[in-house]
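This report concerns a sheet, the helices beside it and a metal site. The sequence and the model are shown below.

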Amino acid sequence: MIPTNNQKLINWVKDIQAMCAPDSVVWCDGTKAEYDQMIKIVVDGKLAKPLKKRPNSYLFRSDASDVARVENRTYIASKRKEDAGPTNNWVDPIELKETMKSLYTGCMKGRVMYVIPFSMGPIGSPIAKIGVEITDSPYVVANMHIMTRVGGRVLEVLGDKGEFIPCLHSVGKPLLSCQDDNGQWPCAPLDKKYISHFPDDRSIWSYGSGYGGNALLGKKCLALRIASAQAKDEGWLAEHMLILKVTNPEGKSKYIAAAFPSACGKTNLAMLVPTIPGWKVETVGDDIAWMKYGSDGKLYAINPEAGFFGVAPGTSMDSNPNAMHTIEKNTIFTNVALTEDGDVWWEGIGYDAPGTLIDWNGKEWIQDKENKGQKPAAHPNSRFTTPAAQCPSIASNFEDPAGVPIDAILFGGRRPSTIPLVHQSRNWNHGVFMGSIVGSEITAAALDLKAGTIRRDPFAMLPFCGYHMGDYFAHWIKVGTKSTPDKQPKFFFVNWFRKTKEGKWLWPGYGDNSRVLKWIFERCDGVGKAVETPIGFMPTLDAIDRPESVSAQDMQELLSLDKDGWKKELADVRSEHYPKFGSKLPKELHAQLDDIEKNL
Ligand code: OXD
Ligand code: MN
């Protein structure tokens, strides 16, 4: 039975069914029974293994061509090419739909087509949005159960006439009669994968990948690429930012949103355990923030997601105990290694591999403690999908439909040199400038980029902005004019990743980052000690509690202004980075660049 009277939805589902030709159609209700049924299908089909050591947890291994987001197969198909901008792949939407329709035709043969009504954000929140994902992957259904709010309540809120964002997904592997996947992760070859966004009609078509952000369409596709385009039109912000709550020993709380490029420790920061006594950090979100001004002129943020899709390698009881406790149960693991006793293991989990493992390729793997060149047992972009509500540090108000008031916005990236531990912007536009020049050393979250080099990733949105980045900067400048500085968040730039010339970390990071959060907290209250420099406000040497492991000399280095480095940085922004945005680059950002260069 069709559980909705929303004619637009009914018609869309019928059209897709006719095109994709599945064996049957199932409307998802979001219940535990449904989740269990999805798991039974994949376990029976040998696509997943139950983990003996973790209740209700399963391990999947994907195909080697399907292990990360595929940025060179990701398209922003706006009607006009100039609306997608120079940093997105563009194809004419009519042409792209033609190409994809021929791929979609008959693509679900032998499979079940699932219709997943989901809400990004607490169901019914004025900031939330409804999407409906059609998929032929039970893995996607199960992951969507964790990452979004799925089910009947969503259809109730949608009602007969409500708007939804249609998200079409297929793994792109039809089955011949009586065939099954034979235990092989289904997907299409790389050159047949398409992750397509149509910002003008606000729809998403994904084909050929079953992995993460390519397939769980609520996350990067809806909550960032489509939502950012919608936010520009409607005057709000859809950002690649974590949200955390920090509380001082007196019990006063502030909320911080922070943008870091992929694989810079956002999940770790969102779940940080402070090393300074009396301070507390709680998690509101680890990846995405939707922010709107309230009637009081403050910017309120919600986390549109309901779960964490976190990178496993490097997650340990030292780096992120809260994540480790979150994933003790009810968790889907993808592409991590399997131990003999039915547990998971990955590089950087904090202990040696216990015995012979099965690596992410399904092969036996014995740790070679001498050989640094050994191929990893867990794929560097292997993941856990786990419910946010299970996180020990989750803030009690993380589902508040009104959102949380944002006091500070942080930018950061992996920068071995030049960028100090922390500095603060002079004003809103200077903050937008900071966001516009974010850059990071490349790691493993995207398949098609070279590791080790620095790529500029403005606002950490380069792979996620659904329109022209120049227009995006202009949108931020405009949002800044809609309230007053006393009510608006303050902007900071942080860098946990400074190294000495010999390649040694200068800053311990992780829990000790709470020392920087404390200074940020105090700056928001107008009390933290700072000096004004050409790049903004920097903490005085005694303003940040120094961890025991950091020498006074290293602290000095972390907090000093590297004038020559900054001159090179700004020259690069002027000659390489900003020209990419052409005439769409707001004059306000040029003015910031001129000012800072002059003052240096
Ligand atoms: C992510 C990413 O998966 O940013 O969150 O790549
Ligand atoms: Mn992300």
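The model is predicted: local features need pLDDT of at least 70 and side-chain atom pairs count only at pLDDT 80 or more, while totals for chains, interfaces and linings use all residues. Residues are numbered from 1 along each chain as its sequence is written, chains are lettered from A and ligands numbered from 1 in the order in which they are written, and side-chain values use heavy atoms, with hydrogens and water left out.

Four strands form an open sheet in the order E11-E15-E16-E24, paired antiparallel. Strands (E, at least two residues) and helices (H or I, at least four) are DSSP runs numbered from the N terminus, and two strands pair if DSSP finds at least two bridges between them. E11 (237-239) and E24 (404-405) are the edge strands, each with a single partner, so one side of each has no neighbour in the sheet. Strand E16 (residues 299-302) is joined to E24 by two bridges, and Tyr300 lies opposite Pro405 of E24.

Angles, from 0 to 180 degrees, are taken between N-to-C directions of lines fitted to C-alpha atoms, for helices over the stretch in contact.

| Helix | Strands touched | Angle with E11 |
|---|---|---|
| H8 (residues 218-234) | E11 and E15 (289-293) | about 155° |
| H12 (residues 469-480) | E11 and E15 | about 125° |

The manganese ion (ligand 2) is coordinated by Lys220 (NZ), His240 (NE2) and Asp287 (OD) at 2.1 to 2.2 Å. Donors are N, O and S atoms within 2.8 Å of the metal (3.2 Å for Na, K and Ca); water is not among the atoms, so sites may look incomplete. Along the chain the donors follow the spacing K-x19-H-x46-D.

Methods: Contact means heavy atoms within 4.5 Å.
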